[in-house]
Amino acid sequence: MSIAIAMVLVVAGSILFHVLSPWRATPIASNWGFIDDTMGLTFLVTGAGFVAVILFMAYCLYRFRHVPGRRAAYEPENQKLEAWLGIVTTIAVIILLAPGLLVWGQFITVPKDAMVIEAVGVQWSWSFRLPGADNQLGSSDVRYIDTTNSMGLSPADPKGQDDLLIASSELHLPIGKPVKVLLRSIDVLHDFYVPEIRAKMDLVPGVVTYFWFTPTKIGEYEILCAAYCGTGHPQMRGKMVIESEADFETWRTAQQTFEQSRKSDASRDKRASAQ
Amino acid sequence: MTDASVPQNVAPPPAEVPDVDLYHAHSWITKYVFSQDAKVIAIQYAGTAITVGILALVLSWVIRLQLAFPGAIPFIDANVYYQSVTMHGMIMVVYMLTAIFLGGFGNYLIPLMVGARDMVFPYVNMLSYWVYLIATLVLVSSYFFPGGPTGAGWTLYPPQSILTGTPGHEYGIILMLVSLILFIVGFTMGGLNYVVTVLQARTRGMTLMRMPLTVWGIFSAAVMALLAFPGLFVACVMLLLDRTLGTSFFMPSLVELGERKDYVGGSPILFQHLFWFFGHPEVYIVALPAFGIVSDLISVHARKNIFGYRMMVWAIIAIGVLSMVVWGHHMYISGMDPWFGFFFAVTTLAIAVPTALKVYNWVLTLWHADIHFTTPMLFALGFLVTFVNGGITGLYLGNVIVDVPLSATLFVVAHFHMVMGIAPVLVIFGAIYHWYPKITGRMMDERLGKIHFWITFLGAYAIFFPMHYLGVLGMPRRFYEMGETAFVPASAATLNIVITVIALAVGFAQSIFFYNLFKSLKYGAPAGGNPWRAASLEWQTPETPPGHGNWGKHLPVVYRWPYAYSVPGAPEDYLPQNAPPVRGERSP
Amino acid sequence: MSVMGLFFIFIATVAIMWLVRQGVMESPWLEEGEVAHYRRAGGAEPPTAGRVGLAVFLAVAGCLFSLLAAAFFMRGDAPDWQMPPIPGVLWVNTFLLAASSVALQVAVFAARRADAERVKTALLVGAVTAALFLIGQIWAWRELLELRFFASSNAANAFFYLLTGVHALHLIGGLVALARTTDKVRGAERVTKALTTSVELCAIYWHFLLFVWLLMFAMLIGWADGFGAICRRLLS
């Protein structure tokens, strides 16, 4: 008996918790509103299923509890009922799956005009690279990494010379422009995660992964690592600043190119050796 | 009254197994320690599994204390935290749940339920336990090596798992991999036994479709485990070689903390494929036996046949087959070819259909039933609530695009604890309360059992249901401390404290269970052979607890399915599987 | 991964066909009676537990080797992949293992005819050739190591040692079983049915290991590259 009441209370409590909970998804700051919509749809469909199943069960427990003299019915199966239930469930699953797959299709199709940038993960910090005037990123490899070239850019690749290197963990992006983020790790698995843009993707050493999004809201957002990467994992943070096109240009022109950084490093070395 | 549609010209299997086939214990040591009796091996398996399970439970308190009071507990630093997370996960999934369901319940119930005298290869069965025990000891011994156990997370993803930024990279990871390899070897021995016993040693009249669903669940889980564990085996061997010999199976060129490593060209994603090829079926290796056991508990205590037995069997088979081709849903954001997302999302959500049908059939079994609210029944019902809840959140994570924001957050942690942590553990408790009278001959205390149930069920739900919301908020998992983070409100910390307090309370409440377990050994009410008036074969043994060889001189002959409850016209509300049909009575 | 796919489809097909034959689709489970259908084609003798056990074990081992092959092809995509030269002794080894397999098959035929003497000889020949195969494998390892093809220097080398090593371990396990069978045959007056079964089980296991070796050898010398290319095309 009490279990029937408990089940009703569990359902009521769960719904109440959902309504009253102050813990909700962060305000979205990208074009992936569809993801939130799909999740909302999933919540409605599955929530209805949960409530229906548990309440029906609670009713059965109350109605068919043992009382002296009761004898259960004998009904091995009811194929028609089972077939119907199977069909209804299949339809519900298709309702969830179809929009999900459509949105996934968009997620993996990067717009042609997307601005390409690169995020580089290392235990335990973020750095970034933006293409220079040629609008292309130069090639890179782990074997080029040294004290003056922490991102491992190919020194010989002309495309890489004008790349803008941002070692400060602070990435600026213009609002309203699709961005394709290339992801590269030079040690272990990391994951580029900004809750407000919904999308995330692993950084895998040895390969370059990517995802894309369009920033839709000006503001500052925290970048976290969402793939466990050792004891410093929670400290691996960065900052993403979404700003107007003009502010972004101002910020971009202030960044150092690969060529400049090597020159300044080289001159510093020279000075150091001269002293 | 015999089944006319069936060819009668073939020889039935013999009703008796000659005594020489059985190994008889000659001394105390061979009877209770190096025993070849499946029932003793079952107790050994379950005892070991529960013991390491308690260790893992204590580790979960370490995790919870750190999350609720970051920095306030002196002995918990980042290393201890990640080591606790890793060991808690690995022990619970592999060394506790897998071992107790297959090694414990499988060993005890399969021979009794199919009417066999023992497992078909008793010696191999004994070896299986001892190898399992050694594997467990190797794992736990890593606490006594410099650097301690590995803190790589239970997924052990390279490159991070064998590099210096991870605690236990000195010996812990090696011991973990060796232990897993041993576990798999030991499990394969046991698994062969479970499968072949079901195939070969069923008694006369016990056709496949007359087996209790518990046997179906354990049998299918054993088959899947035999096919899935090689994935983990290969992954472990190759990772071990990467760690010890410096091969580059999984390790790409990398610069670790400023130092260039010699590895070149390896693929971390290959490890993930191999790991999850095992890892996903593993979920169902734990779930299928639970499905089977819960079906039997509900049927017995609701005095009604399980509804749609055939559908239940098909669903188990369908889930088993499908679960081998869904592993990629753990890797949606791993950087694998995104086109796989379509395939794995479809297969994953397809599993929801047979699983939902099982849930419907459990619930429909309650319709027009005669429900007795015994402790085992309460646990079975508690399983239904937590399983349905955890199952539907699986629909979020299986649907590839919805997984993207939720993956690697506390939503995932809440989901899998609900569906493959709490739900199977409730079944384990229910099953222990249910079969304890058969194993010991005494009943467990019902009052204590009910107290135990209410605290465990409501407490566990209160721990994990709110946790989903922290995940939706975006709080990542495997964070030693959240620190100052703009999007996390202060109230989240309060919720974490509440969850921790409940978790500690629920954890300590388990002592009620253990008190009951040991007290009832001596003071429990005598149970008789069949206290629940159940129809399946294990309750019809001539002795309780069943003696060596289970069945005395003659093996039972089976005349009907195991769910003949409340059959119209029958004098009692159950007909044992081996009760000969009475002529003139209405056949079910 | 397509290797795994093929293997898995094979296992699933066998399992489902068997289940259907056992009547999972029908509902005689609702009937009551002493022996509900117990079907076996043509009154043939039911397989023994040992035989079924071996069949299940071969499925497990097959799964293991398929996974290794899948990993081999997936890792083989990387640009650093460089197969080591194949030691010539492997051809001799292949011949030895085949001979061993043939010898055990001869032992099976002899056991069925209850020819104890010939069983003993054949088992001995089988064991010796298998042992020689193992020595030959060690020889091949030494040769590669002397040429400085270390496991750590290229993943292809590592796979060479891993694949041959895992295969050799299976064969060593088989040799233990074979030794026990030989021991039983030597002690026996005549060839009993149980002995015949043991010999048969050894032979089946040997054929399986020969089959695995042939596929593995094809992979190592590169005859399977075409297959790998097909897999890649299927996946991309």
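In this predicted model, P174(A) sits across from E243(A), a residue of strand 10 of chain A.

Strand 10 of chain A has another partner. Strand 9 of chain A pairs with strand 10 of chain A in the antiparallel sense, again over 5 bridges. Here E220(A) is the residue opposite V241(A).

Now the side chains. Which residues of strand 10 of chain A point to the buried face? They are G238(A), M240(A) and I242(A).

Next, the contact between chains. On chain A, 83 residues touch chain B, and on chain B, 96 residues take part. Several elements of chain A supply at least two residues each to that side, among them helix 1 (2–20), helix 2 (33–63), helix 3 (79–107) and strand 9 (219–225). By class, this side of chain A has 49 nonpolar, 19 polar and 15 charged residues.

Last, confidence. For the complex, the predictor gives an ipTM of 0.93 and a pTM of 0.93. Chain C has an average pLDDT of 85, and 84% of its residues score at least 70. Within chain C, helix 3 (residues 89–112) has the highest mean, 94, and helix 7 (residues 225–235) the lowest, 62. Over residues 39–43 of chain C, pLDDT stays under 50, and the model has 6 contacts beyond four places in sequence for that stretch.

Technical notes
Residues numbered from 1 in each chain as written. Chains lettered and ligands numbered in written order. Predicted model: local features only at pLDDT ≥ 70, side-chain atom pairs only at ≥ 80, totals over all residues. pLDDT = per-residue confidence, 0-100. Helix = DSSP H or I, 4+ residues; strand = E, 2+ residues; numbered from the N terminus. Contact = placed C-beta atoms within 7 Å. Nonpolar A, V, L, I, M, F, W, Y, C, P; charged D, E, K, R; others polar. Buried ≥ 20, exposed ≤ 12 C-beta atoms within 10 Å, placed from the backbone. Pairing = 2+ DSSP bridges.
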